[in-house]
Amino acid sequence: TIKNKKSDITAYYDYLLKETEEGTQIGKRAFIYQLWLKLLIMALLFALIWGANGYLGHPIQSSFSIAIRFILLVILFEGINLLTISFKPYYFYGMQALKQNESSLNEKDLQILQQNRIIKLDDEWLEIRNQDFLHQWRWDLVKLIGMTSSFIFLRAGQQYLLCIPKRDFPSEEKFLEFGELIIKLHTKNKNQS
């Protein structure tokens, strides 16, 4: 029997971004989106400054001087930004994107997340149930199994995520045994028909 907290979702995001190729791609797309957005804003500001400078009748040398200062200021700002995110832009922007998607969870979703769930494993199924639902997944539909020192993460299909926290086990040994059993059953049965 497991029970999740809302903070378990953040632990999953951390695992996803640091340990999986899918997470790296999410972070990369989020970072590239931010770069394009910043470039667009900088281009608009630059055009505004350049146009205002020309409208006021300043010589072209003055416009180039302003352009060089503007570019240096942007480079300095981006350098400081990279420093504050510890030179890990994929992780930082990926986490922001995932957290933004998390905000779409409604109160009912969060209540379901925090309900007690029972997990049952056998050669045919990964079964998850509580008072409101029963999910059964064949092992070939389990797309992600990840273990950290505090969690086992399972994702079935494209949507269903299960975070199994170590805190719900009587000991670390039982937690590790359970994780090894999941991996063993998945490896043995992932080619089910």
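Colleague: Where is leucine 45, and what makes that stretch a helix?

Modeller: Leucine 45 sits in helix H2, residues 21-55. Helices here are DSSP runs of H or I with at least four residues, strands are E runs with at least two, and both are numbered from the N terminus. Keep in mind that this is a predicted model: local features need pLDDT of at least 70, side-chain atom pairs count only at pLDDT 80 or more, and totals for chains, interfaces and linings use all residues. Residues are numbered from 1 along each chain as its sequence is written, and side-chain values use heavy atoms, with hydrogens and water left out.

Colleague: Why does leucine 45 count as partly exposed?

Modeller: Its relative accessibility is 42%. Buried means under 20% relative accessible area, exposed means over 50%, and partly exposed is in between (1.4 Å probe, protein chains only). So leucine 45, at 42%, lands in the middle class.

Colleague: What makes Tyr33, Leu37, Ile41, Leu45 and Leu48 a nonpolar patch?

Modeller: Patch residues need over 30% relative accessible area and no salt bridge; nonpolar side chains (Val, Leu, Ile, Met, Phe, Trp, Tyr) are joined within 5 Å, like charges within 9 Å. Leu45 passes the area test with its 42%. Together the five have about 500 Å² of accessible area, computed by the Shrake-Rupley method with a 1.4 Å probe, where for residues only the protein chains shown count as cover.

Colleague: And why is the patch at Glu172, Glu173, Glu177 and Glu180 called negative?

Modeller: Asp and Glu count as negative and Lys and Arg as positive, while His and the chain ends are not counted, so four Glu residues give a negative patch. Each charge is placed at CD of Glu, CG of Asp, NZ of Lys or CZ of Arg. Glutamate 173, in helix H6 (residues 172-189), is exposed at 52%.

Colleague: How do you know that aspartate 8 and arginine 167 form a salt bridge?

Modeller: A salt bridge is a side-chain nitrogen of Lys or Arg within 4 Å of a carboxyl oxygen of Asp or Glu. Here the closest N and O atoms are 2.6 Å apart, so the pair qualifies. Aspartate 8 is in helix H1 (residues 7-19) and arginine 167 in the loop between strand S6 (160-165) and H6, so the contact ties together parts 159 residues apart in sequence. Aspartate 8 is buried at 2%, whereas arginine 167 is partly exposed at 39%. The structure holds seven salt bridges.

Colleague: What makes glutamate 124 and arginine 138 another one?

Modeller: Their N to O distance is 3.9 Å, so that pair also passes. Glutamate 124 is in the loop between strand S1 (118-121) and S2, and arginine 138 is in S3, so parts 14 residues apart in sequence are tied together. Both are partly exposed: glutamate 124 at 42% and arginine 138 at 27%.

Colleague: How do you know that S2 and S3 pair?

Modeller: Two strands pair if DSSP finds at least two bridges between them. S2 (residues 125-129) and S3 (residues 134-138) have five and run antiparallel, so they pass. Glutamate 127 stands opposite glutamine 136 in S3, and the two strands form a hairpin with four residues between them.
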